[in-house]
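Hi,

Here is the structure I promised to pass on. Have a look at it first, and my notes follow below.

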Amino acid sequence: MPFPVSYGVTVLNENKMNRSLSGFFAFVVVIPIALVLLASRITSGAARTNGYVSAPVAGAELSTAPAEDTAVFAGGCFWGVEAVFDHVKGVKKAISGYAGGNLANPTYEQVSTGDTGHAESVEVIYDPSKVAYGKLLQIFFSVAHDPTQLNRQGPDHGTQYRSAIFYRNAEQQRVAESYIKQLTAAKTFSSPIVTQVGALHGFYEAEEYHQHYLEQHPNQLYIVINDKPKLVALRKEFPDIYRD
């Protein structure tokens, strides 16, 4: 994904695909390309054999009392993944950040090299009496990203865009691994699931300008093409849990 606009200046990284372009260049060059990409990107997730991602057998039950728990997911650019969970009832907060690497407190520029081992990730703080961990997983596999793309999501390439679930405890690990086996056995997707399941050894919050990026830049071409369709899919597939 490209480096975002900061302080009125578009920062470009020559070695990475840019997620934000503006002005005359965007209208003359990018829009025709965008239309082609949009036409080829009919859904926000992977091709499904039966059109539906079933609910998990394990981890679907709600807690009996209000509480607070945390889940961490990586599914490509964190802008769109964060936006999806921001619109889920029972989620108190979704935070864009970095997980899965060895470098403490990495910057966006460092993670974008692909050398730190981190993935762009989202920390989801939620009330398990209102939304179950299993439901979050179902949303993650259904509309937040494509779990069949290896080390990429859409136009973004590199291990920092890999699909991953970072579990905080043995129960989250059990539920996540069980769900992947369930979806695989059901042949839910036309291609194999490549989502990694690993222990969370640290989550580092991303820079402030990345937080609520879709909300702040709803008309940016990258957002319109890659991320807004995820919200449309969330509202369509999970109307009972979608919130504006």
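Let's start in the sheet: valine 72 sits opposite glutamate 123 in strand 5. Before going on, note that this is a predicted model, where local features need pLDDT of at least 70 and side-chain atom pairs count only at pLDDT 80 or more, while totals for chains, interfaces and linings use all residues. Residues are numbered from 1 along each chain as its sequence is written, and side-chain values use heavy atoms, with hydrogens and water left out.

Strand 3 (residues 69–75) runs antiparallel to strand 5 (residues 119–126), with five bridges joining them. It is also antiparallel to strand 8 (residues 163–167), through four bridges; there, alanine 74 has alanine 164 as its bridge partner. Strands (E, at least two residues) and helices (H or I, at least four) are DSSP runs numbered from the N terminus, and two strands pair if DSSP finds at least two bridges between them. Six of the seven residues of strand 3 are buried, so the rest of the structure largely encloses it. Buried means under 20% relative accessible area, exposed over 50%, and partly exposed in between (1.4 Å probe, protein chains only).

Next, aspartate 86, in helix 2 (residues 78–86). Leaving aside residues up to four places away in sequence, aspartate 86 touches Ala94, His212 and Arg243 (contact means heavy atoms within 4.5 Å).

Histidine 212 has a positive phi of about 55 degrees, though it is not a glycine. This histidine 212 lies in the loop between strand 10 (203–205) and helix 6 (213–216), and is partly exposed at 31% relative accessibility.

Cheers
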